[in-house]
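Morning, everyone. I have a short walk through one model today, so please keep the viewer open as I talk.

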Amino acid sequence: MELRERVIDAASVLFGKEGLRFTMQQVADALHISKKTIYAVYPSKEALLLDMVDALFAEIHRAKQAQIDAGGPIEQQIQAVIVALPEQYRTIDFRMLRTLDEKYPAVGRRVRAHLESNWEPTIALLEKGMAEGRIRPVPISVLQRMVTASIECFLSDGKGENEPSYLDTLAAMIDIIMNGIRRRNDAV
């Protein structure tokens with residue numbers, strides 16, 4: 001594994017524990033290398049965070065493709081793809097976009113750019129579901145904006161004491177999107 005990947009992996013573990021408070025020294029200590037060695041590949045913490053964001057979203061896109069490849073009912077595929085989060089990131093609370101905007105604005109912009117891009121697989125699933133009559137026709141651009149805005153909002157909210165986890169928040173969002181808020185009568 002090349003040094004950049006090792007640094008990203010170590011920093012990701014520290015991010016899971018410390019949030020944005022992790023230091024380059026902690027990364028160096030975790031890898032048993034000097035901080036100077038890290039600065040040879042990452043001139044700043046922001047540069048490291050940018051690569052971490054890119055690596056995270058690359059994993060998210062792989063997880064989405066795996067969901068698509070697994071098949072299953074189109075509704076479940078859509079739901080799984082919209083909230084895809086690889087296993088290694090499930091314990092991390094990602095609600096820090098506001099802090100990123102304040103301390104590392106380029107990283108905040110990168111997160112938003114990733115949220116708004118690579119929708120093609122999801123759009124293809126939505127179009128397929130509509131064509132098959134499995135989901136009702138909706139303006140895909142509106143749904144895309146709703147999901148993106150919701151995720152950005154969740155990423156910007158700090159976690160309060162009684163707030164659900166980030167994963168629970170995503171699950172609730174997709175349930176509401178897929179099932180609406182209208183009470184359904186089970187008895188006919």
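Start with A55: is A55 buried, partly exposed or exposed? Keep in mind that this is a predicted model. A55 has a relative accessible area of 24%. Buried would need under 20%, and exposed would need over 50%. So A55 counts as partly exposed.

Now place A55. The residue is in helix α4, which covers residues 45-70. What does A55 touch, once residues up to four places away in sequence are set aside? Two names here: I8 and Y89. There is also a distance to S12. S12 and A55 are 43 residues apart along the chain. Their C-alpha atoms are separated by 9.8 Å.

Next, the rings. How many aromatic pairs does the count give? The count comes to 0. Rings do come up with charges, though. Which ring does the charged end of R4 sit over? That is the ring of Y42, with the charged end 4.8 Å from the ring centre. Then take K45. The charged end of K45 sits over the ring of F22. The distance to the centre of that ring is 4.5 Å.

T23 lies in the loop between α1, residues 3-18, and α2, residues 24-31.

Last topic: backbone angles. Most residues other than glycine have a negative phi. Now look at H32. Phi of H32 is near 60°, a positive value in a residue other than glycine. Where is H32 found? In the loop between α2 and α3, with α3 at residues 35-41. Is H32 buried or exposed? The relative accessible area of H32 is 74%. The cut-off for exposed is over 50%, so H32 is exposed.

N118 is the other one to show. Phi of N118 is near 60°, again positive and in a residue other than glycine. N118 lies in the loop between α7, residues 105-116, and α8, residues 120-131. What is the relative accessibility of N118? The value is 30%, so N118 counts as partly exposed.

Definitions and conventions:
Residues are numbered from 1 along each chain as its sequence is written. This is a predicted model: local features need pLDDT of at least 70, side-chain atom pairs count only at pLDDT 80 or more; totals for chains, interfaces and linings use all residues. Side-chain values use heavy atoms; hydrogens and water are left out. Helices (H or I, at least four residues) and strands (E, at least two) are DSSP runs, numbered from the N terminus. Buried means under 20% relative accessible area, exposed over 50%, partly exposed in between (1.4 Å probe, protein chains only). Contact means heavy atoms within 4.5 Å. Rings of Phe, Tyr and Trp (its six-membered ring) pair if their centres lie within 6.5 Å; planes under 30 degrees apart count as stacked, over 60 as edge-to-face and the rest as tilted. A charge sits over a ring if NZ of Lys or CZ of Arg is within 6 Å of the ring centre and within 35 degrees of the ring normal.
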